[in-house]
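This briefing is intended for a reader who is meeting the structure for the first time. Please keep the sequence and the model in view while reading.

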Amino acid sequence: MKVLISDNLAPIGEKILKDAGLEVDVNTGLPPEELKAIISDYDGLVIRSATKVRKDIIEAATKLKVVGRAGIGLDNVDIPAASEKGIVVMNAPDGNATTAAEHAISMMMSLSRNIPQATASMKAGKWEKKSFMGREVTGKTLGIVGIGRIGSIVANRAQGLKMKVIAYDPLCLMSW
């Protein structure tokens with residue numbers, strides 16, 4: 001089976017596919033017309049968010065059996081067109097959940113410590129230390145709307161910072 005990786009992917013992703021006995025081509029940054037011209041050579045397509053798997057590309061994919069998204073969303077894949085053609089579309093929702101959650105915590109810390117404002121001030125040649133003291137997050141309450149994969153990791157990290165966490169998710173019976 002032949003697989004095309006059309007978006008930047010960590011080297012371990014390519015290695016996993018090759019170790020499974022698949023023939024792997026890496027060809028990133030393809031314009032849609034170029035992807036459409038070569039997609040008929042492949043049984044599998046691995047994407048991230050840059051490649052748009054539109055209906056015309058799916059129609060040109062004569063051998064394609066699977067589209068795998070290394071990440072959460074599938075908004076860049078025409079799922080009805082793929083399903084109509086019998087192509088399995090899947091994602092890897094846990095692939096970057098920790099990264100996204102840690103980014104949310106980083107942004108929260110950055111804002112609580114006025115880091116963007118202090119950076120701009122420093123770049124302007126000022127030293128306004130007292131203007132950007134910020135606040136500690138320990139003991140503060142963090143409200144999270146959506147306590148799925150990412151939200152639950154954010155809650156866990158926030159608890160590690162000794163924050164009180166309250167969360168709401170209409171689809172989850174878990175409480176924090």
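The structure is a predicted model. Its chain is divided into two parts, domain 1 covering residues 2–90 and domain 2 covering residues 96–168. Between the C-alpha centres of domain 1 and domain 2 the distance is 36 Å.

**The largest pocket**

- The space in the largest pocket amounts to about 290 Å³.
- Its lining is made up of 18 residues, and Leu17, Val46, Gly68, Arg69 and Met90 are the closest to the pocket centre.
- Four elements each supply at least two residues of this lining: helix H1 (11–19), strand E3 (44–47), strand E4 (66–69) and strand E5 (88–91).
- Among the contributors, E4 gives the most to the lining of the largest pocket, namely four residues.
- Sorted by class, the lining holds 13 nonpolar residues, four polar residues and one charged residue.

**The nonpolar cores**

- In soluble globular proteins, nonpolar side chains tend to be buried together.
- The largest nonpolar core in this model comprises 17 residues, of which Leu45, Val53 and Val67 have the most contacts inside the core.
- Two or more residues of this core come from each of E3, helix H3 (55–60) and helix H4 (79–84).
- When neighbours within four places in sequence are left aside, Val53 is in contact with Leu45, Ile47, Ile58, Val67, Asn76, Val77 and Asp78.

**Two loop residues with positive phi**

- Asn114 is a residue other than glycine with a positive phi, near 55°.
- Asn114 is placed in the loop that runs between helix H5 (97–112) and helix H6 (115–123).
- Lys162, also a residue other than glycine, has a positive phi near 65°.
- The loop that holds Lys162 lies between helix H7 (149–160) and strand E7 (164–168).
- Lys162 has a relative accessible area of 60%, which is over the 50% cut-off, and therefore counts as exposed.

Notes:
Residues are numbered from 1 along each chain as its sequence is written. This is a predicted model: local features need pLDDT of at least 70, side-chain atom pairs count only at pLDDT 80 or more; totals for chains, interfaces and linings use all residues. Side-chain values use heavy atoms; hydrogens and water are left out. Domain bounds come from an automatic or database domain assignment. On a 1 Å grid over the protein atoms alone, a cavity is a set of points where a 1.4 Å probe fits but cannot get out, and a pocket is an open set with protein on both sides within 12 Å along at least five of seven lines; lining residues have an atom within 4 Å of a point. Grid points are joined across faces, edges and corners, and a volume is the space filled by probe spheres set on the points. Ala, Val, Leu, Ile, Met, Phe, Trp, Tyr, Cys and Pro count as nonpolar, Asp, Glu, Lys and Arg as charged, and the others, Gly among them, as polar. A nonpolar core is a set of buried Ala, Val, Leu, Ile, Met, Phe, Trp, Tyr and Cys residues joined through side-chain atoms within 4.5 Å. Buried means under 20% relative accessible area, exposed over 50%, partly exposed in between (1.4 Å probe, protein chains only). Contact means heavy atoms within 4.5 Å.
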